[in-house]
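Morning, everyone. Please bring up the structure, and we'll walk through the contacts between its chains and a few charged pairs.

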Amino acid sequence: MGAKRKRLINDVLVNGGLLFLVLLWTIPTLGLFVSSFRSREDIQTSGWWNVFPHREWQKVSELDPKALGLDPNGVMEVEGAVGTFKEMRDGIETPDGRLITWVGNKRLGRIDVQEQGWAVSWDFDLSNYDQVLSGKDYEYKNPDGTVEVIPGDDMSGAFLNSLAVAVPATVIPILIAAFAAYAFAWMKFPGRRFWFVLVIALLVVPLQIALVPILRDYNTLGLNGTFLGVWLAHTGFGLALATYLLYNYISTLPRETLESAFIDGASHFTVFTRLVMPLSVPALASFAIFQFLWVWNDYLVALVFLGGNPEFKVVTQRLADIVGSRGSDWHLLTAGAFISMILPLTVFFALQRYFVRGLMAGSVKG
Amino acid sequence: MAATLKPEGNGAGTQAAAFVGRVVLAVAIPLIAFFVIYEGFIFLRDSNAPKWVITAVAIVWGVGGVGLLYWVFNGIVERLPAQWTARLQPFVFVGPAIAILFWYLALPTARTFWLSLFDRDGVAFVGLANYKAIFTERLMREAFRNNLMWIIFGSTFSVLFGLVVATLADRSRWEKLAKSLIFLPMAISFVGAGVIWNFIYEVRPANVPQIGLLDALMVAFGRQPQAWYAWTDIIPWNNLFLIVIVIWLQTGFSMVLFSAALKGIPSELMEAARVDGATEVQIFFRIMIPYIRGTIITVWTTIVIFTLKIFDVVWVMTGGQFGTEVIATQFYRQSFVARNSGFGSAIAIVLFLAVIPVMVYNLRQFKEQEAF
């Protein structure tokens with residue numbers, strides 16, 4: 001076996017293995033994405049992979065049993081297929097590969113003849129999104145003509161709520177942490193080391209530990225079910241990590257740059273806003289992306305602190321509600337899930353480098 | 001700033017007026033600021049304005065309000081005599097962070113511990129009875145068993161897949177694309193991932209076409225659909241169906257760290273091994289694995305912590321029923337559904353104690369890795 005051949009086999013193994021894993025990882029999301037554009041009936045009656053070309057039975061002709069003189073109570077023969085009524089209702093294959101099916105009852109039924117043929121199920125529209133986004137009732141016409149009224153899920157409202165929660169809950173902790181990190185790195189005050197060690201130590205506290213006491217405080221203060229309450233909660237749970245990470249960055253800024261600014265008479269506040277913040281943009285962006293995603297995708301904190309206020313439900317809560325109440329309405333679930341993912345995915349594709357760095361850094365969040 | 005406001009060499013009258021002006025300004029600006037902030041809070045809580053208006057106000061008010069507070073407090077401190085400015089300014093900068101951390105993390109740890117010593121209403125002192133219950137109650141034992149499964153299978157397979165993908169991607173020509181696609185699930189929420197996988201696990205009766213991918217594959221490979229039942233019924237292996245979701249989400253994380261670590265292996269080392277006739281498999285086990293051992297341990301422990309606190313997936317997919325309860329769902333159920341604050345708090349403390357050693361180890365590693 002030559003070296004060239006060996007390398008070829010190696011290449012095939014590497015790329016084939018990688019392709020297999022990538023497909024395995026991508027197909028779940030792809031299935032959801034494709035399904036969200038298919039109609040309710042299509043989703044319920046056929047797998048989403050039917051959007052790819054595949055072989056299926058297609059009706060080629062229709063026969064009238066009476067015209068053929070068949071007796072449904074005995075054994076019948078149609079196009080070479082032989083069977084009783086019961087067997088025919090389940091479908092029998094003819095010797096030349098066609099499918100004979102009795103549709104309807106014994107007296108008024110008909111016979112369908114089907115052949116295997118190539119097909120794609122390409123009937124896409126946005127009606128699922130219409131329905132799941134709107135807050136209004138939605139009328140659905142069943143195939144049998146009856147009309148069902150389905151309450152809308154108001155995903156658009158939930159989307160706005162998520163924005164109202166996530167943007168401030170990202171900016172506030174970063175701002176507070178940046179001020180603190182600057183003070184720890186460049187200001188002198190008593191107990192600096194002690195406070196800093198305390199901040200680091202608090203990294204180990206899981207947020208579960210804080211939920212019950214904080215909820216009690218919120219009930220007393222009237223902060224339960226308000227945006228401010230959720231922002232502060234996310235700030236509290238993200239602040240230790242943010243301070244630690246930003247300190248690591250801000251403390252390594254060049255000393256000379258800052259000192260020359262002080263000599264020119266700049267105050268700490270000016271140096272912080274005009275010099276340190278702009279210089280720290282890479283660190284701020286990475287943490288911002290991590291925190292934004294964390295808050296956007298969070299379910300537990302929203303459930304505890306916003307749970308009492310249906311008006312302010314965020315996308316994850318709304319989606320979980322649909323899972324709970326209408327878990328088999330896949331046309332709603334797929335569209336709803338995709339709405340909840342659209343913003344994180346956009347951020348992911350637009351800012352991939354910061355995104356990866358941010359998530360790596362945030363992996364130790366408590 | 002204060003110095004520029006001070007008029008120089010004017011009469012006593014103007015000086016006094018300027019002083020009064022400064023005092024009024026120093027009092028008025030904070031008052032106005034607090035008023036605006038308070039009004040914003042009331043508006044957001046009670047307003048019936050269109051949703052997008054509320055969202056816009058919330059963002060502007062939330063972000064602007066915090067900036068405004070810093071600006072106001074800093075302004076007050078900078079107007080003080082110089083030595084007081086120097087003494088107090090650090091606390092304007094660091095104070096809010098410390099206050100919030102104290103309120104949201106430090107104090108609650110003590111309060112939760114205190115609550116865990118009391119009964120469900122927080123009235124009668126019960127000592128360590130809640131802790132005893134944690135280790136004897138049936139559902140809690142189930143939760144511990146399941147969390148153990150989560151830790152073992154979740155972290156091991158995330159690490160394994162991450163390592164395999166990183167190694168393969170390193171040798172292929174479409175490394176970037178492959179890594180992006182594997183990393184993509186990390187952007188998805190647990191609730192969203194729950195929906196995605198529920199759709200894959202969906203089971204239909206035998207006489208209609210299967211719409212769940214897993215079951216369709218089963219049928220395609222000749223398994224009778226009626227012999228296959230809902231995945232939730234296979235206790236305790238139904239936990240694996242949930243763990244798969246987290247493996248799917250976390251592999252991207254381990255892949256990125258491994259990929260970076262693998263690139264740090266000196267190429268001379270690999271070349272030397274190849275020249276000596278080592279096979280790729282030998283290189284993988286004898287050189288790459290030992291070289292990135294530190295990273296493997298870090299990734300593994302990070303995912304262990306992650307799986308210890310797992311909540312959303314379980315809560316959305318099964319609600320902890322069918323024998324899938326974990327520590328965090330038990331915590332939520334006891335604290336917020338059963339309203340048994342003593343028991344719930346005790347669970348939180350146990351979770352905390354379980355996380356500490358791994359977390360401390362991890363933070364130490366994290367510092368060495370300089371991941372940021």
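Start with A:D217 and B:R111. Their side chains form a salt bridge, 2.9 Å from N to O. Keep in mind that this is a predicted model. Between chain A and chain B, the count is 2 salt bridges.

Now the interface as a whole. How many residues of each chain are in contact? 120 residues of chain A touch 106 residues of chain B. The buried area is about 10100 Å², and carbon and sulfur atoms give 79% of that. Polar contacts across the interface come to 14 residue pairs.

Next, salt bridges in general. Over all chains, the search finds 10. Take B:K263 and B:D170, at 2.7 Å from N to O. They link distant parts of the chain, 93 residues apart: B:K263 sits in helix α10 and B:D170 in helix α6. Buried or partly exposed? B:K263 is partly exposed at 47% relative accessibility. B:D170 is partly exposed too, at 31%.

B:E175 pairs with B:K179, with 3.2 Å between the closest N and O atoms. Both are in helix α7 of chain B, 4 residues apart, so about one helical turn separates them. B:E175 is buried, at 18%.

Last pair: B:E325 and B:R333, 3.1 Å between the closest N and O atoms. B:E325 is buried at 2% relative accessibility, while B:R333 is partly exposed at 22%. As for networks, shared partners join B:D170, B:E175, B:K179 and B:K263 into one.

Notes. Residues are numbered from 1 along each chain as its sequence is written. Chains are lettered from A and ligands numbered from 1 in the order in which they are written. This is a predicted model: local features need pLDDT of at least 70, side-chain atom pairs count only at pLDDT 80 or more; totals for chains, interfaces and linings use all residues. Side-chain values use heavy atoms; hydrogens and water are left out. Contact means heavy atoms within 4.5 Å. Buried area is the accessible area (1.4 Å probe) that two parts lose on being put together, summed over both. A salt bridge is a side-chain nitrogen of Lys or Arg within 4 Å of a carboxyl oxygen of Asp or Glu. A polar contact is a pair of N or O atoms within 3.5 Å; within protein, one must be able to donate a hydrogen and the other to accept it, and residues adjacent in sequence count only if both atoms are side-chain atoms. Helices (H or I, at least four residues) and strands (E, at least two) are DSSP runs, numbered from the N terminus. Buried means under 20% relative accessible area, exposed over 50%, partly exposed in between (1.4 Å probe, protein chains only).
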